[in-house]
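Student: I am new to this structure and would like a close look at one part of it. Please take me through that part slowly, and then show me how the rest is put together.

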There are 2 protein chains.
Amino acid sequence: MALTHAILTALLEEDLTGYELAKQFDVSLGFFWTASHQQIYQTLKRLYAEELVTAREVSQTGKPDKRVYSLTDSGRRSLDAWVLSETKKRKVTDELFAKLYTVGHSSTAAVIDAVIQRQHDHREKLALYRKIESRNYAAPLKLPDQRKGVYLALLAGIRQEEASLLWCEDALSLLVSVSRVG
Amino acid sequence: MALTHAILTALLEEDLTGYELAKQFDVSLGFFWTASHQQIYQTLKRLYAEELVTAREVSQTGKPDKRVYSLTDSGRRSLDAWVLSETKKRKVTDELFAKLYTVGHSSTAAVIDAVIQRQHDHREKLALYRKIESRNYAAPLKLPDQRKGVYLALLAGIRQEEASLLWCEDALSLLVSVSRVG
DNA sequence: CGGTACATGTAATCTGTTACATGATTCA
DNA sequence: TGAATCATGTAACAGATTACATGTACCG
C-alpha cells in the first residue's frame with residue numbers, strides 16, 4: 001500500500017485535489033512514481049474512509065466544483081511510521097529493455113523506433129526538470145529544510161534522464177550495426 | 001500483460017525453468033524488470049495453457065525434478081507482434097524518493113539510513129554488472145547480433161547504477177545540512 | 001465545430017503481493 | 001543441527017488497468 005504514502009507525502013506540502021495529484025504524478029513525481037487518475041481517485045476514497053485525509057468541496061466559477069484533500073493528524077502519524085519502516089526496493093517495469101532482448105531475433109527497426117521515441121521523452125523530461133531546477137532550486141544549500149528532499153528527488157530525476165540520454169545515443173549507434181532481421 | 005513478454009524474450013535465448021527465470025529476474029533482468037517466483041510460476045502456467053510455451057519434465061539426481069520451458073512457434077509469433085506494437089512507458093515505483101518528500105517534516109535520520117542502504121545496493125549491482133560486462137561483452141561491436149541488445153540492456157543498467165551512486169553522494173552531503181527533525 | 005483543460009468517478013478485469021505449503025541436498 | 005540452495009506451487013487478497021461515463025469552459 002505504497003501509493004497511499006506517495007499521496008500523503010504530496011499532501012504534506014499543500015492541500016490538493018485528485019486532479020492536481022494526478023497531474024503531479026504525471027510530471028514532477030513521474031520519474032519515481034506513476035499512477036493514473038482512476039487509481040488516485042480510488043485511493044483518495046479509501047484514504048478518506050480511513051480518515052487519513054479530510055476533504056472539502058470548493059465551488060468555482062467557470063470551472064467544475066472540486067474536492068480538496070488535506071492530511072489529518074492520523075494521516076500525519078501514518079506517514080511518520082512509514083518513514084521509519086524499511087524502504088522497499090525500487091520496482092521497475094520497462095518494456096523497452098525487454099524488447100532489446102529480441103534484437104537479432106525479431107524486427108530491429110521496431111526496436112530502433114522505440115529507442116528514438118524514448119530519446120524524445122527523455123529530452124522533454126530533462127528540459128522540464130532543468131526548468132524547474134533553475135526556477136526554484138538554484139541554491140540547494142540555502143533552501144529551507146522542507147524543500148531539500150524535494151530538490152534531491154528532482155536532482156535524481158535529472159541525473160537519470162541525463163544517463164538515459166547518453167545511453168540512447170550509444171544504443172542507436174550500436175543498433176545500426178545490426179543487420180536487418182524480422 | 002507484459003511479464004508474459006518479458007518471460008518469452010528470456011526464453012528466446014535458452015530454455016529455462018521457473019526457478020531459473022526467477023533468478024534472472026532477480027539479477028541481470030532486475031534493473032528493468034522485477035517479478036517474484038510466485039508471479040513467474042503463475043504466468044508460466046497461463047502461458048502453458050495458452051500454448052505459447054511447452055514444458056518438459058527433467059529428472060535430476062541429488063536435486064528435485066524440474067520443469068523446463070521452451071518457446072513454441074505460437075509464442076514466437078506473439079513475441080514478434082509485441083515487438084512491433086507500441087512500447088509502453090517505463091513504470092517506476094520507488095519509496096525512497098517519496099520518503100525524500102518528507103524531509104523537514106519527519107525523521108531525517110531514517111531517510112539518511114535509507115539512502116545509505118540504497119548506496120550499498122547500487123554498489124553491489126554495479127559491481128555485478130561490470131563483472132558481467134568485462135567477462136562477456138568486452139568488445140560490443142564484435143558481438144553477434146543476438147547479443148547486442150542484451151549488451152545494451154546491461155549498459156543501461158551500468159549507466160543507471162553509476163548515476164544513482166553519484167546521486168547518493170550528493171544526497172548524503174545535502175541531507176547532513178538538514179537540522180534534526182522528527 | 002473541434003480540441004484541450006478542468007474535474008470526478010464506477011465496474012469489470014487483470015496483475016501482483018503476501019501468506020502458506022512442501023521437501024531434498026549440501027555445506028559448515 | 002541449522003542455513004542456504006534447489007525446486008514448485010496454491011489461495012486469498014490488494015493493487016492497477018481498461019473501458020465506460022459525464023459535463024463545463026475556453027480558444028481558435
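How many bridges join E1(A) to strand E3 (residues 66-71) of chain A, and do the two run parallel or antiparallel?

Tutor: E1(A) and strand E3 (residues 66-71) of chain A are joined by 2 bridges, and they run antiparallel. Before going on, note that this is a predicted model, in which local features need pLDDT of at least 70 and side-chain atom pairs count only at pLDDT 80 or more, while totals for chains, interfaces and linings use all residues. Residues are numbered from 1 along each chain as its sequence is written, chains are lettered from A and ligands numbered from 1 in the order in which they are written, and side-chain values use heavy atoms, with hydrogens and water left out.

Strands here are DSSP runs (E, at least two residues) and helices are DSSP runs too (H or I, at least four), numbered from the N terminus. Two strands pair if DSSP finds at least two bridges between them. In the pairing you asked about, A:Thr17 has A:Val68 of E3(A) as its bridge partner, and A:Leu16 stands opposite A:Tyr69 in E3(A).

This pairing belongs to an open sheet of 3 strands in chain A, with the order E1-E3-E2 and antiparallel pairing. At the edges are strand E1 (16-17) and strand E2 (53-58) of chain A, each pairing on one side only. E2(A) is joined to E3(A) by 6 bridges, again antiparallel. Within that pairing, A:Thr54 is found opposite A:Ser70 in E3(A). In a regular strand, side chains alternate between the two faces of the sheet.

Chain B has an open sheet as well: 3 strands in the order E1-E3-E2, with antiparallel pairing. Strand E1 (16-17) and strand E2 (53-58) of chain B are at its edges with a single partner strand each, so one side of each has no neighbour in the sheet. There, 6 bridges join E2(B) to strand E3 (residues 66-71) of chain B, and B:Ala55 is opposite B:Tyr69 in E3(B).

Now consider how chain A is divided. An automatic or database domain assignment sets the bounds, giving domain 1 (3-84) and domain 2 (95-175) of chain A. Taken over C-alpha atoms, the centres of the two domains are 26 Å apart. Their contact (heavy atoms within 4.5 Å) takes 6 residues from domain 1 and 8 residues from domain 2 of chain A. The two domains bury about 530 Å² between them, 69% of it on carbon and sulfur atoms; buried area is the accessible area (1.4 Å probe) that two parts lose on being put together, summed over both. On the domain 1 side, A:Glu13, A:Val27 and A:Phe31 lose the most area, together 75% of what that side buries. The count of salt bridges between these domains is 0, a salt bridge being a side-chain nitrogen of Lys or Arg within 4 Å of a carboxyl oxygen of Asp or Glu.

The contact between the chains takes 70 residues from chain A and 71 residues from chain B. Chain A and chain B bury about 7,000 Å² between them, 61% of it on carbon and sulfur atoms. In chain A, the residues that lose the most area to chain B are A:Arg90, A:Glu95 and A:Tyr101, together 12% of what that side buries.

Strands also cross from chain to chain: E4(A) is joined by 3 bridges to strand E4 (residues 91-93) of chain B, and the two run antiparallel. In this pairing, B:Lys91 of E4(B) is the bridge partner of A:Thr93.

A:Arg90 forms a salt bridge with B:Glu161, the closest N and O atoms being 3.6 Å apart. This pair runs from helix H7 (residues 145-175) of chain B to the loop between H4 and E4 of chain A. The side chains of A:Arg159 and B:Asp170 also meet in a salt bridge (2.8 Å, N to O). Several elements give two or more residues to the side of chain A that touches chain B, among them helix H1 (3-13) and helix H6 (108-136) of chain A. H7(A) gives the most to that side, with 21 residues.
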